[in-house]
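Let me put the structure up first and then jot down what I look up.

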Amino acid sequence: MRQSAEQEAVLAANEAFYRAFARRDLAAMDRLWAESAEVSCLHPGWGPCHGRDAVMESWAGILGNAESPNIRCLRALATIYGDVAVVVCYEAIEQSYLIATNLFVRQAGAWKLVHHQAGPVAAEPPEPETSGGARQSRLH
C-alpha cells in the first residue's frame, strides 16, 4: 500500500522524534511537542507524565543521562484521522524491542506530538515488506 503525502509528513515528524531521541537533542525534542494542546507521556516503567512541563522534564532527564541506551525506530505505520495521526512502531534498544504509540495533532500546518507511550513487546518486529509495503522508519 502506498503512503499518502499526509502519512509521509506524519512519518517524517515521527522520524524527527527518534532522531532527537537518538542524538539526545533536547531543543529538537522540545520543538516536536505540541504547545497548544495537552500532552502526556508514558515511558516504560514510569508513571504517567501529564502536561508539557512534566513531559519535557522527563525528556530532559532521559536525554541528559549519558547512560540512556541508544534507540532506533522500526516498522513505523501512520494512520490519520483528520487533524489527528497515530504512529505505531517498534523501538530497538540494544538487544531488545519495545512497541510504541505516538499520537500527533496538526497545529499551524505541522504535525506535533501530544502523546508517546512505549512498553515491552513479546516478539521481534516482523521483517519489512519487500514490495509496495508501508514505509519503514529508519535513523541514520
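**Entry 1: the charged pairs**

I started with aspartate 83, which counts as partly exposed at 47% relative accessibility. My cut-offs: buried is under 20% relative accessible area, exposed is over 50%, and partly exposed is in between, with a 1.4 Å probe and protein chains only. Before going on, I noted that this is a predicted model, where local features need pLDDT of at least 70, side-chain atom pairs count only at pLDDT 80 or more, and totals for chains, interfaces and linings use all residues. Residues are numbered from 1 along each chain as its sequence is written, and side-chain values use heavy atoms, with hydrogens and water left out.

What does aspartate 83 meet in a salt bridge? I found the side chain of arginine 106, at 2.8 Å from N to O. The rule I used for a salt bridge is a side-chain nitrogen of Lys or Arg within 4 Å of a carboxyl oxygen of Asp or Glu. Arginine 106 sits in strand β5 and aspartate 83 in the loop between β3 and β4, 23 residues apart. Helices (H or I, at least four residues) and strands (E, at least two) are DSSP runs, numbered from the N terminus.

Arginine 106 also forms a salt bridge with glutamate 6, and here the closest N and O atoms are 2.6 Å apart. That pair links distant parts of the chain, since glutamate 6 is in helix α1, 100 residues from arginine 106. I have glutamate 6 down as partly exposed at 34%, and arginine 106 as partly exposed at 29%.

Searching the whole structure gave me 3 salt bridges. One of them joins aspartate 30 to arginine 52, with closest N and O atoms 2.8 Å apart. Aspartate 30 is in helix α2 and arginine 52 in helix α3, so this pair ties together parts 22 residues apart in sequence.

**Entry 2: the sheet**

In what order do the strands of the open sheet run? I read 6 strands as β2-β1-β6-β5-β4-β3, with mixed pairing. Two strands pair if DSSP finds at least two bridges between them. β2 (49-50) and β3 stand at the edges with a single partner strand each, so one side of each has no neighbour in the sheet.

β1 (residues 40-42) runs parallel to β6, joined by 3 bridges. Cysteine 41 has histidine 116 as its bridge partner in β6. β5 and β6 run antiparallel, with 10 bridges, and arginine 106 turns up again here, partnered with tryptophan 111 in β6. These two strands make a hairpin with 2 residues between them, and alanine 108 in the turn has a positive phi of about 50°.

**Entry 3: the core**

Next I looked up the largest nonpolar core, which has 37 residues. Such a core is a set of buried Ala, Val, Leu, Ile, Met, Phe, Trp, Tyr and Cys residues joined through side-chain atoms within 4.5 Å. Among those with the most contacts inside it are Phe17, Trp33 and Phe104. α1 gives the most to this core, with 8 residues.

**Entry 4: the pocket**

Which residues lie nearest the centre of the largest pocket? I listed Phe21, His43, Pro44, Ile62 and Ile93, out of 14 lining residues. A pocket is an open set of points on a 1 Å grid over the protein atoms alone, where a 1.4 Å probe fits, with protein on both sides within 12 Å along at least five of seven lines; lining residues have an atom within 4 Å of a point. α3, β4 and β6 each give two or more residues to the lining.
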